[in-house]
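Please read it beside the sequence and the coordinates.

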Amino acid sequence: MKNLKIASIPGDGIGNEVVPAAIKVLETIANIHGGMKFDFTHFPYGCEYYLENGAMMAEDGLERLKDFDGIFLGAVGNAKLVPDHVSLWGLLIKIRREFEQVINIRPAKVLKGVKSPLVNPKDFDLIVVRENSEGEYSSVGGRIYQGEDELAIQNNIFSRKATERAMRYAFELALKRKKHVTSATKSNGIVYSMPFWDEVFKDVSKDYPTVDTDSQHIDALSAFFITHPDKFDVIVASNLFGDILTDLGAAIMGSIGVAPAANINVNGKYPSMFEPVHGSAPDIIGKGIANPLGQIWTAKMMLDHFGEEELGNLLLAAIESVTSAGILTPDLGGIHTTEEVTVEIIRKLANY
Ligand code: NAD
Ligand code: IPM
Ligand code: MN
């Protein structure tokens, strides 16, 4: 029996509502269908932990997390308690960086029974490969002077190693899909990083002659997500472009509450981390209406990651059979609660 040791970090806000829901689903799927078992250990890290302890996680937090098979995280951030850049860099971004989770995979596709806000979504099914370790998210820079001369300088870091790694990951993924990679660039306006990005993309693409490529400036690419998302297969993007594109990908699926993500450690030295695209949703905390599908679909990505694609596909089928039946939370135009959606998914899994 495969026994997977998972660290769960619900974090802040609705993370505490959707993580327990998805854990129930994972336990069901393992009990009913798998020759496997999940062993969850819960960590109370988040903004309230910060208020009590002066840090977002225990001093030896990374040490405690590093031997788990995976990390299942909800969301981090409560700006009323802790400034966002402090909470995120103290927990989510810290784990991504220290555990070398250098790739963030974020799929977006039409879900059966979920209405896209697009007039003509066709049948889009795309994946954004987001570079997850550097780029626009850097701590190189500073603030100088005061008053009207005040300056904030933020440097972007683009290394050949990380850029090439993200691109190769995208090409390898495309080989298993529709064999098309789109590069998100902005080399018309950004004079160092983006021409470099284009150059690396061209170099890497030479190693994948069977994969079609194109390169789109991020502004136009964002518009194409609205006008013809069905034309995309795999999109490779820098950290910030990938972040923005994937909220857009979530929106065209119907709600940010459905979008899943996986932060992948590609060298096998540390656990990967599974957390949905959305945040802690302060406006709906405690109402019982948080959409659990993003977290549950993220659980499917975790199953896939551990080689349990069959179970992963079963889980996605259960999600779609519940959405097709109109059992939806209010963000998708429904009247159902987090709990009702979760219970229905569990019921479907029990019937398969
Ligand atoms: P958000 O994703 O939390 O919320 C944006 C909107 O989407 C809100 O109206 C919210 O109610 C809605 N929404 C999000 N998830 C939903 C769900 N599952 N079901 C139904 N509706 C949902 O983004 P934000 O408001 O920009 O950020 C809030 C906080 O979360 C901030 O502190 C931010 O830094 C943090 N954040 C954390 C993560 C993460 O931990 N991965 C991601 C994004 C934002
Ligand atoms: C995400 C989030 C984070 C990011 C924030 C909260 C730092 O938006 O995971 O998409 O920008 O990476
Ligand atoms: Mn984001």
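1. Are α1 and α12 roughly parallel or roughly antiparallel to each other? The axes of α1 (residues 15–33) and α12 (residues 338–351) come within 10 Å and cross at roughly 10 degrees, and the two helices are therefore roughly parallel. Angles under 35 degrees count as roughly parallel, over 145 as roughly antiparallel, 65 to 115 as roughly perpendicular and the rest as oblique. Axes are lines fitted to C-alpha atoms, for helices over the stretch in contact, with angles from 0 to 180 degrees between N-to-C directions.

2. This is a predicted model, in which local features need pLDDT of at least 70 and side-chain atom pairs count only at pLDDT 80 or more, while totals for chains, interfaces and linings use all residues. Residues are numbered from 1 along each chain as its sequence is written, and chains are lettered from A and ligands numbered from 1 in the order in which they are written.

3. To the contact between α1 and α12, α1 contributes E17, V18, A21, K24, V25, T28, I29 and I32, and α12 contributes T338, T342, I345, I346, L349 and A350. Contact requires C-beta atoms, placed from the backbone, within 7 Å. By class there are 9 nonpolar, 3 polar and 2 charged residues (Ala, Val, Leu, Ile, Met, Phe, Trp, Tyr, Cys and Pro count as nonpolar, Asp, Glu, Lys and Arg as charged, and the others, Gly among them, as polar).

4. An open sheet of mixed pairing is formed by 10 strands in the order β2-β1-β3-β12-β11-β4-β5-β10-β8-β9. Helices (H or I, at least four residues) and strands (E, at least two) are DSSP runs numbered from the N terminus, and two strands pair if DSSP finds at least two bridges between them. The edges are held by β2 (36–42) and β9 (212–217), each with a single partner strand, so one side of each has no neighbour in the sheet. On average, neighbouring strands are turned by 25 degrees against each other, direction ignored.

5. Within this sheet, β4 (residues 103–109) runs antiparallel to β11 (residues 262–264), with 3 bridges joining them; I103 has I264 as its bridge partner in β11. Helix α7 (residues 193–205) packs on the sheet against β8 (180–185) and β9, its direction making about 165 degrees with that of β8. Helix α10 (residues 293–305) also packs on the sheet, where it touches β3 (70–75), β11 and β12 (272–274) and makes about 155 degrees with the direction of β12.

6. The axes of α10 and α11 (residues 309–324) come within 7 Å and cross at roughly 160 degrees; the pair is therefore roughly antiparallel. Their contact includes L293, W297 and L303 of α10 and L311, L315 and I319 of α11. It comprises 9 nonpolar, 1 polar and 3 charged residues.

7. Strands β6 (residues 141–144) and β7 (residues 151–154) are antiparallel and joined by 4 bridges. I144 has L151 as its bridge partner, and G142 stands opposite I153. The hairpin has 6 residues between the strands, and Y145 takes a positive phi near 60 degrees.

8. The domain assignment gives domain 1 (1–102 + 259–352) and domain 2 (116–253); such bounds come from an automatic or database assignment. Their centres, taken over C-alpha atoms, are separated by 25 Å. The contact takes 8 residues from domain 1 and 10 residues from domain 2. On the side of domain 1, helix α5 (residues 92–98) gives the most, with 3 residues. That side has 4 nonpolar, 2 polar and 2 charged residues.

Note on methods:
Two residues are in contact if their C-beta atoms, placed from the backbone, lie within 7 Å.
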